[in-house]
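User: I am new to this structure and would like to learn how to read its features. Please take them one at a time.

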Amino acid sequence: MQSTQTPAVPRRILSSLLSSVSAGVVPRAGAPYIAIGRKDEIAALLSDLEQIDAGGGSMRFLIGRYGSGKSFLIQLIRGYALEREFITADADLSPERRLYGSGGSGVATYRELMKNLASKASPDGGALPKLIARWIGMMQDELTRDGVSPDSPHFDDLMARKVSDTMRELEFLVGGFDFARVITAYYKAYREDGESARLRMSACLRWLRGEYSTKTEARGELGFAVSVIIDDDNWYDFLKLWAALVRKMGYRGLVVFIDECVNLYKITHRVSRENNYEKILAMFNDTLQGRAPGLGIVFGGTPQFLEDPRRGLFSYEALRSRLCDSRFALEGFKNLIGPVIRLRRLADDELLALIRRVTGLYAQFYKWDARITDDQQLAFLNLCLSRAGADSMITPREMLRDYMTVLNILMQNPEATFEQVVGSAVTLQHEDSDPEDAWAPTAAEKSSETPVGRGLALAEERKKFNPEDLDF
């Protein structure tokens, strides 16, 4: 058995982590500290990063029920990607943010991705101006190493030529000419002083973030004409341009995470919904056929978003034929190399390990000797698993929310006992969950349930569960 010692976590991160867990939302920072299980899924996604680093592209669909850990896994992989010198961008879809749509709902997704553009030095987003400044600094250092002094009268001219030569390689891509021209204009304003230069830099950033609604408005602020602006139709082309540029900037690639894809499933208008699915098809073909080098895309969605034959991805025949399970994908076998990763329910020993990890972190943050024993933690898990349908439907989100309630009450009420609290604090009610999540388990999900996981639904098997067998 591996050590169960709780790792020391910086207090700022620990505060955000526990607040997120208590509220049932995914922590933006600190996810690795409560990462239990999902080793195979993580390994599969990390292999995608190596493929992107080699100049390829990748696309994955993380499929799981609400609260099963899709968003958590996305944030976990996002952190790993940043540590490995990738650039990341993430966005949640909503009725106002789609992959395709009129009235700005498509480019709104691009703007959200640009707002959340992150690097290792800027993990919380807003990295766009820092990326360009770092790139300019790198090229200046290269010229200095080549023997050109920054005080030389030719230094600025050589730098301008170096920027232009780099950007010229992107001009053959869709939108590449204007993209290169705006980046070059940003550099020229960057090396100047004064309010006018700052305004031109701001205008270039606005264009790169897709914030102009007309070419006339863009021309007025940029000071030169552009043939395109980033809009609902072409924003994905500019993601491919960013993927190419960040590799020239010295990074390993661009990884884009798009969560809450169930909002596409909820689009009632069939044509609009299919237009969004067609955009997914274009992304799928580009990344897997090598037409988007250095770009990785990860979608997070629920089973009905993927499998519903009327409104899900499977309702679009071109996607169904690419994403449906092969006839050889039999129960008992896992396949994490394909584009779809179905998140299994965490095994019971993994859920117990998660409870114990959270207990240690909670005690560390509040400097409190947790009044809950290992046996009581096991009893809490068994109580959760004894609920109707919990054997296949229990999720880490709902379990941890209830468990945090128990810890909060025990800490704030010294006279209360665990036995008194759990009678009213544990409120898992699967029958009252979101009706849109009522989806039959897939064959892959069924096959991933462990014997202990299936057996704990029965009292006799619960007696066989031994916490000493846990492998953390």
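Analyst: A disulfide is a pair of cysteine sulfur atoms within 2.5 Å. In this structure there are zero disulfides. The model is predicted, so local features need pLDDT of at least 70 and side-chain atom pairs count only at pLDDT 80 or more, while totals for chains, interfaces and linings use all residues. Residues are numbered from 1 along each chain as its sequence is written, and side-chain values use heavy atoms, with hydrogens and water left out.

User: Is cysteine 204 buried or exposed?

Analyst: Buried means under 20% relative accessible area, exposed means over 50%, and partly exposed lies in between, with a 1.4 Å probe and protein chains only. Cysteine 204 has 2% relative accessibility, so it counts as buried. Cysteine 384 is buried too, at 0%. Of the chain's 472 residues, 51% count as buried.

User: How many helices and strands does the chain have?

Analyst: Helices (H or I, at least four residues) and strands (E, at least two) are DSSP runs, numbered from the N terminus. The chain has 22 helices and five strands.

User: How is a pair of packed helices described?

Analyst: By the angle between their axes and the distance between the axes. Axes are lines fitted to C-alpha atoms, for helices over the stretch in contact, and angles run from 0 to 180 degrees between N-to-C directions. Take helix H6 (residues 155–168) and helix H7 (residues 176–190): their axes come within 9 Å and cross at roughly 160°. H6 is therefore roughly antiparallel to H7; the cut-offs are under 35 degrees for roughly parallel, over 145 for roughly antiparallel, 65 to 115 for roughly perpendicular, and oblique for the rest.

User: Which residues of H6 and H7 meet?

Analyst: Contact means heavy atoms within 4.5 Å. From H6, Asp156, Met159, Ala160, Val163, Ser164 and Met167 meet Phe179, Ala180, Ile183, Thr184 and Tyr187 in H7. These contact residues divide into eight nonpolar, two polar and one charged. Ala, Val, Leu, Ile, Met, Phe, Trp, Tyr, Cys and Pro count as nonpolar, Asp, Glu, Lys and Arg as charged, and the others, Gly among them, as polar.

User: At what angle do the axes of H10 and H12 cross?

Analyst: The axes of helix H10 (residues 235–248) and helix H12 (residues 270–288) cross at roughly 25° and come within 11 Å. H10 and H12 are therefore roughly parallel to each other. Trp235, Tyr236 and Lys240 of H10 make the contact with Lys279, Ala282, Met283 and Asp286 of H12. Four of the residues in this contact are nonpolar, none polar and three charged.
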